[in-house]
Amino acid sequence: MNKKLPALLLISVFVVATCGLIYELIAGTLASYLLGDSVTQFSTIIGVYLFSMGIGSWVSKYFEKNILSWFIQIEILVGLVGGFSSTVLFLVFESIASFRIVLYGFVSLTGILVGLEIPLLMRILKDRYEFKDLVSKVFTFDYIGALLASLIFPLLLIPHLGLVKTAYLFGMLNVAVALIVCLNFKKEIRASKYLQGASFISIITLLAGFIYADKITSFSESQTYSDTIIYSKSTPYQRIILTKKNKVLRLFLNGNLQFSSDDEYRYHEALVHPGLQALPFAKHVLVMGGGDGLAVREILKYPNVDSVTLVDLDKGMTGLFQSNKILLGLNKNALLSPKVKVINADAFSWVKAQRKKFDFIVIDFPDPSNYAVGKLYTNAFYKLVKGILAPKGLMVIQSTSPFVAPKSFWTVNKTLESVGLKTIPYHNYVPSFGEWGYIIATEPDNVYKKPQQYLPGLKFISKESLDLMLYFPKDMGKVETDVNKLNNQILVKYFEDEWANVL
Amino acid sequence: MSGQTFYKDELSAYLQRRSFLLRIGLITGGIFLNGCYKKIRSNGYNIPGSLQGPDAKAGHILRDKLKLPAAKSTRKVKTLIVGSGISGLSAGRWLKKNGETDFEILELEKHTGGNSYFGSNKIASYPLGAHYITIANNDDALLIDFLKEIDVITHFEGQLPYYNDYYLTFDPEERLLINGEWQEGLIPDFGVPIADKKEIRRFLSEVDLLKNTRGNDGKFLFNIPLSSSSADENYRKLDRITFEAYLEEKGYRSKYLLWYLNYASKDDYGQKIKHISAWAGLHYFASRRGKAANAEQNAILTWPEGNGWIMKQLAGPLKDHIKTSSLCCDLKPMTNGHTLVTVLNTKTRLTENIEAEKIILCAPQFVNNRLLKNFNRNIDYKAFNYSPWLIANITINELPESKGINLCWDNVAYNTPSVGYVNSAQQHLKLSEDKKVITYYLPLCDFEPAVARLAAYSRNYEQWLDIVIPELEIIHPGITKAIENIDFWVWGHGMIAPAKDFIWSDNLAKAKLPVDDKIFFAHSDLSGVSIFEEAFHQGINAAKQVLHVAS
């Protein structure tokens, strides 16, 4: 009864404790990545986790026979559940509705299993060692393990391994404890061979998960993005990637930055307000592209606007910005507003079939980097859009960078002019994009009056800033170009050439 | 003609016929044996699809002179048009335009369109034959009027027509797979030696010069319709040598240039340069001068269903005049000067007689040959040779990645048997489609047309796969697994082949003449070039003659 506790067992306790805390940290981090609001997420995750550990401790009294083999089985189970937790959570994140249930389900399950570990371990050891010694050492190592976990998690594991691999690594360690205990007490366990085999297979499975972690979660792009990828999805049309670094969210479509949450207001204010502020009568607004709802957010600031129709090809995109909590925070629930009607359709065909007129039209398509998108920058398309623009209405087109791609920018301008529209080109500086260009277009007999004041609360646009935006310095000055047509698509060629020099 | 040469002619004709039969026997026999072998040992591609073609059964009723039930009724029609290809529809349009109401268009197939017929599946509509036209020559007033009528020309800017933005071929238009990479345009350039490039430039500037040259009668040397070309003997004589001989004489030897010219010749005539006349070969390059307000010279107009779209515009307003599944079997002169036409309804198998004052035969001459046995036309039908074609409409779920520029409307590979494939989704406005139908065109020009035709008729679906898939695999390695379906379409008589001594021969001139001012002729084979514009003008010409005689 006075035997000293073998070092091996103490190491096991230590590992078990470290793993337990690591799972908790992973769940908390993942929740704050994916759901935002880290204080709430961490607080609720820790609460649920500790509570579940309590349940586990309470349940432990119902384990009466074969405690040793129960302990080994639970270790294996903790290893598997904990190891796969972050992968599963990342994967199910796309089916948003059930995400919280899965998240807290995982946290509870892990908590209960971890809660079982120490009580069972103590009961296994209670008859073999001095009780006061046992309690003191087990809890000492338990808390040291916790300290170690809390230190290496942010300092070593997240920067070097990432969430998914860390989970697999500690899953393996957990199962390794099972294996060690199994080998140590093999005489006392009836199905020792079976348990050894089970732990062995579990380790292999987790190892495979560890090696193929990138492929499983298809976050293989993580190396090309400097920030942490918190969401990625391939829709039939594009690959959507959302990254987060500190508080900054970035959205990439097919690898191209669409917005960065710290300066997107500069882009969206410039896109919407110079036009819409000049149309106090505007009731019906159309947005094409812009499935992120950020332009819609700006439009909804005008009480005179009765309806906003958003036409975006990709349901995956609009769906994400209608359901994800962080993104809803970013677009202020714009796409859930009763004034907003979201239509997932091909803009060209949709406009062709459309008869209703709109007072203000925002054209916010991806850059004309291929022939498919290039069609949406042609005279044929602008002719159709002109047809659904109310007589006194305005439209505004995001028109790539007049600094990097002057020929492209002025081609859009020329193409708009070619269908009998008067244009008002302007530009501003968006740190993530650089110098960016927009073009307002309207019927030639309309007079565009620069707004004298803007809605309160805007961060960038003002009467003075618009004056600057309307002025084109020499290095962005107008160049002569051709009209972009379906049968020549010169814009795609210009765009490719001009950006090739930069990227 | 002395007796001896007569004997020699007879003998050589006999020998030619024997060797022809022998070759046919060998080739079709070989295909048959290969088919049997395949049945036993299939290397199966396991690609679903079909093998179709024009209604051969109906055609063979004509050829084999089957016994038909006696006609139960006779009705009168003032003008009867036989055939609803472009020439027949164009004739009908002209009659209608000029106030005629009593006319009927008979079509043996279940549908109108002839060569411009098209197909469709769940993914898209696609051509089965003719699939584009070029913008009209600006002096072709009749065609320009028609294009205005159907909104292909939307308005004029100054003197120049503005073509409908949706019908001009969308960019990117053409690419060529050469030296391992897809280059823009079809004229060989990527990896082509400088000497060859020079020769290509020399040829192109020569035809460019010819394009803008007028003959001693003040007309353009090469024009559309062909009948408006110059009669200048210095150039007409080019019809009496082959294109190949002409090029050799001019010192063109670059293999890249010769490939390109063979490609062009196959594309327009279904034959290589050695089997077409120099005049026809040059016509391809030197007859199109169309200028538009919103497109480059000779820009191409196309539709997902190819020329099926224009065909529908022609047929739509005529639908009350068109009778499909109606096989015209026999024409007989009547004592009252009219013509009695026996027509078999291929659905009901009943015949009826139509008494027609005037008839416009808009069928190819090999069909007219059988229809007109009661009339003396005094022409040599054997001079009319028709190139057989295979068209494959291939549904793919993706196109394997390849080097160079991306999928275009027209995609051609250097030194392969086909003339490439067109993307039938080119004119779609949708941004992204996961599946596509590509239309692959294979002229069957390795043997003389009659042999190639019989060989084509005897191949089964699997044997066509064996011919088409290996070429597609060369063009796009790995494409086979992306193929979901292939529909083959065999045109036994795809298009008239303008061999030497054909277009400006006396024989063809005679073939254009009406019989007794009662039977008139319209078909692109009477121009010698199978293009939409020729058929269109042929139809109008014949209709004009009918109206002229009537007045």
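**Figure 1. Strand S19 of chain B and its bridge partners.** Within S19(B), Ile438(B) is the bridge partner of Asn423(B). Ile438(B) is also the residue of S19(B) that forms a bridge with Ile394(B). The view, like those that follow, is taken from a predicted model. Strand S18 of chain B, residues 421–423, is joined to S19(B) by three bridges, and these two strands run antiparallel. Strand S16 of chain B, residues 386–396, pairs with S19(B) in the antiparallel sense as well, over eight bridges. S19(B) itself covers residues 436–443 and is mostly covered, with eight of its eight residues buried. One side of the strand carries Lys436(B), Ile438(B), Tyr440(B) and Leu442(B), and the other carries Val437(B), Thr439(B), Tyr441(B) and Pro443(B); the residues on both faces are all buried.

**Figure 2. The contact between chain A and chain B.** On the chain B side, 15 residues are in contact with 17 residues of chain A. Sorted by class, the side of chain B that touches chain A consists of eight nonpolar, three polar and four charged residues.

**Figure 3. Domains of chain A and the spans annotated as transmembrane.** Chain A is divided into domain 1 (7–217), domain 2 (224–257) and domain 3 (263–500). The centres of domain 1 and domain 2 of chain A, taken over C-alpha atoms, are separated by 30 Å. An unreviewed UniProt entry lists "transmembrane region" for residues 7–35, 41–59, 71–93, 99–122, 143–161, 167–185 and 194–213 of chain A. Among these spans, residues 99–122 of chain A are 100% helix and 0% strand, with the end C-alpha atoms 36 Å apart. Another of them, residues 167–185 of chain A, is 95% helix and 0% strand, and its end C-alpha atoms lie 27 Å apart.

Figure 4. The unreviewed UniProt entry lists Asp364(A) under "active site". Asp364(A) is placed in strand S8 of chain A, which spans residues 358–364. The residue counts as buried because it has 24 C-beta neighbours inside 10 Å, where 20 or more are required. Apart from neighbours within four places in sequence, the contacts of Asp364(A) are Leu271(A), Val287(A), Met288(A), Gly289(A), Gly290(A), Ala295(A) and Gln398(A).

**Figure 5. Packing of helix H15 of chain A.** Helix H15 of chain A comprises residues 379–387, and its buried residues are Asn379(A), Ala380(A), Phe381(A), Tyr382(A), Leu384(A) and Val385(A). The elements against which these buried residues pack are helix H13 (347–353), S8, strand S9 (389–398) and helix H16 (406–418), which belong to chain A. Strand S8 is also the location of Asp364(A).

**Figure 6. Gly293(A) in a loop of chain A.** Gly293(A) lies in the loop that links strand S5 (284–289) and helix H10 (294–299) of chain A. Because it has 32 C-beta neighbours inside 10 Å, Gly293(A) counts as buried. Beyond residues up to four places away in sequence, Gly293(A) touches Phe321(A), Asn331(A), Ala334(A) and Leu335(A). Gly293(A) and Ala334(A) are 41 residues apart in sequence, yet their C-alpha atoms are 5.9 Å apart in space.

**Figure 7. Ala499(B) in a loop of chain B.** Ala499(B) is found in the loop between S20 and helix H14 (506–511) of chain B. Ala499(B) counts as buried because 22 C-beta neighbours lie inside 10 Å. Leaving out neighbours within four places in sequence, Ala499(B) is in contact with His275(B), Ile276(B), Ser277(B) and Asn385(B). Ala456(B) lies 43 residues from Ala499(B) in sequence, and the two are 21 Å apart in space, C-alpha to C-alpha.

**Figure 8. Nonpolar cores.** The largest nonpolar core has 230 residues, of which Val396(A) and Ile360(B) touch the most other members. Strand S20 of chain B, residues 483–496, gives the most to this core, with eight residues. At least three residues of the core come from each of domain 2 (224–257) and domain 3 (263–500) of chain A. Ile360(B), neighbours within four places in sequence aside, is in contact with Thr79(B), Ile81(B), Ala91(B), Phe520(B), Ala522(B), Ala542(B), Ala543(B) and Val546(B). A second, separate core of 63 residues includes Ile72(A), Phe84(A), Ala149(A) and Val175(A).

Conventions: Residues numbered from 1 in each chain as written. Chains lettered and ligands numbered in written order. Predicted model: local features only at pLDDT ≥ 70, side-chain atom pairs only at ≥ 80, totals over all residues. Contact = placed C-beta atoms within 7 Å. Nonpolar A, V, L, I, M, F, W, Y, C, P; charged D, E, K, R; others polar. Buried ≥ 20, exposed ≤ 12 C-beta atoms within 10 Å, placed from the backbone. Helix = DSSP H or I, 4+ residues; strand = E, 2+ residues; numbered from the N terminus. Pairing = 2+ DSSP bridges. Domains from an automatic or database assignment. UniProt positions renumbered as here; feature names shortened; annotations may be inferred. Core = buried A, V, L, I, M, F, W, Y, C linked by C-beta atoms within 7 Å.
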